[in-house]
Amino acid sequence: MSSPTTSAARSSRAMPTIKLKAQADRLAPWLALLVLLLVWEAACRLLKLPSFVLPSPSAILAATQKVGFGAWSEHIFATLRVTLMGYGLSILIGIPLAIALASSRLMSRTLYPLLVIVQSTPIVAVAPIIVVVMGAGDLPRVFITFLIAFFPIVVSCVTGLLATPEELVELSRSLGASKAREYRNIRLPYAIPHLFSALRISITLAVIGAVVAEFVAAEKGLGYFINFSTSMFQVPQAFAALMMLVVISLALFHLIGLLQKAFFPWSLPKAQH
Amino acid sequence: MSAAAPNATPRPNISFDRVSQVFTSSDGSEVVALDNASFDIGRHEFIAVLGPSGCGKSTLLRILAGLVRPTHGQVSIYGSPVDGPRDEIGIVFQKPTLLPWLNIRDNLTFPMRHKYGRVTAQEITRGEELLELVGLKEFGNKRPDELSGGMQQRAAIARALLHDPEILLMDEPFSALDALTRDELSLELLNIWTQRPKTVLFITHSIPEALLLADRILVMSARPGRVQEIIDVDLPRPRSMETLTEPRFNELANHIRRKVFSRHADH
Ligand SMILES: Nc1ncnc2c1ncn2[C@@H]1O[C@H](COP(=O)(O)OP(=O)(O)O)[C@@H](O)[C@H]1O
Ligand SMILES: [Mg+2]
């Protein structure tokens, strides 16, 4: 008889603790970051580390301000441009390549070894050669970015295309539908979840690719700026650029997740939609 | 049965004529998936195919569906040889294989959109009727993963019925479901088949299921895959769960069980 009231009372008491726990979950990483920054700052001051060894967070902040908004946005824009162009190219080439590999045994026999060779080549070492061959301008930078970012897209897309249930492919064949329709209406959508996990990895690889390319040949961009700053012993501003790269990478990574959620909510694991 | 009455033996609409299928497996050895199968299926007959796994049941279905060309022999539908997929056929597989990105309504009409690139108003109306027929009227807007396995399989059956096929092929359609859902769907299938008569080829592992549904049962044995016996199920229709308690039902079940186990004892 009394159970409804007591259980209600219990649940209302239980609610705040659950909320508190959820909040602690959300705050914990930020708190950890704050503690890290404080320890970092304290260590730099107490040990009197010179700024070219390890600049303190406050020194990095000061350098960030000194460089100024105009210069930063120019560098960030340049890096983002190369990143996104290289990434776009990876998708534009990666997906059709995956379709070719998945649909034909001959193609996969011929192309897979080549792809693996490209993937096993240290792109950082090849980058200067690419610049020499392709000359100045965006082209070599976009190409280097593409080389670093495209492989996961191809591999995951092939996996997804081949993971399509055999029965569905038979259904498609029993309808007399063409191969092109089978790929467009069934296999490609089936590859979406696989594709997106690769797209998230590849976007961060594309940022790395753009920076590598800018190390080798550029007059703008965060990679160029880090290279330039360290050569002038301006380590605090190099650190500032590094942090911006981290933020850009994280933001892009997150953005891909949001795009997946917006356009392909069904492709997310059950708990997330 | 009553072969004396001329109307009771309609012209067969499916005929298997000495059909064999040999596969070469990856190690080079040959597997006889189907050995010299000959039988006829009459119009609107419900045929169950029963046998242990690997005895060639799916192969038989895929040959009939025009998905596989038999190594020897010929299958004809309405007297014309099967040389590819045809419009008269609808297929239901063991797994529902609905498309996860489409809601149930769009899944039903997917074959049309997939084949012709568009869906007619008539097909949409038919889709709604079928949703009601399989008891999914309220679930048209749901995605497959929001439905239970049984409901998904109902949707798959409705999808196979959308173009009103003359022939329905079902490859262990209920074997992934729990026993209760299975019985429920078996009865519903009987109901659908009574309302819209079709020629059905229904593959199953379950003797009671085969007896409950079929006019005749093709009992198969493995290695090589052979049609061992064709059994007339002379249980009266309409059938229901009560049918399972009839003495004749047990007689037939025991007969089939003996057939199946006598083969197993050979190994
Ligand atoms: N595409 C194939 N290639 C090689 N062997 C196959 C192929 N399809 C089926 N088989 C073999 O043929 C035999 C019958 O298979 P199947 O018709 O699927 O049996 P069932 O459906 O009765 O379990 C099995 O031994 C299977 O391994
Ligand atoms: Mg099978």
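A salt bridge here is a side-chain nitrogen of Lys or Arg within 4 Å of a carboxyl oxygen of Asp or Glu. By that rule, the interface of chain B and chain A holds 2 salt bridges. In one of them, the side chains of A:Glu170 and B:Arg62 meet at 2.7 Å, N to O.

This is a predicted model, where local features need pLDDT of at least 70 and side-chain atom pairs count only at pLDDT 80 or more, while totals for chains, interfaces and linings use all residues. Residues are numbered from 1 along each chain as its sequence is written, chains are lettered from A in the order in which they are written, and side-chain values use heavy atoms, with hydrogens and water left out.

Now for the interface as a whole. Buried area is the accessible area (1.4 Å probe) that two parts lose on being put together, summed over both, and contact means heavy atoms within 4.5 Å.

| Interface of chain B and chain A | Value |
|---|---|
| Residues in contact | 21 of chain B with 21 of chain A |
| Area buried between the chains | about 2,100 Å² |
| Part of that area on carbon and sulfur atoms | 64% |

Over in chain B, B:Ser186 sits in helix α5, residues 179-195 (helices are DSSP runs of H or I, at least four residues, numbered from the N terminus). B:Ser186 is buried, at 1% relative accessible area (buried means under 20%, with a 1.4 Å probe and protein chains only). Beyond neighbours within four places in sequence, B:Ser186 is in contact with B:Phe174, B:Glu209, B:Leu212 and B:Leu213.

Notes: Helix = DSSP H or I, 4+ residues; strand = E, 2+ residues; numbered from the N terminus. Buried < 20%, exposed > 50% of the residue type's maximum accessible area, 1.4 Å probe, protein only.
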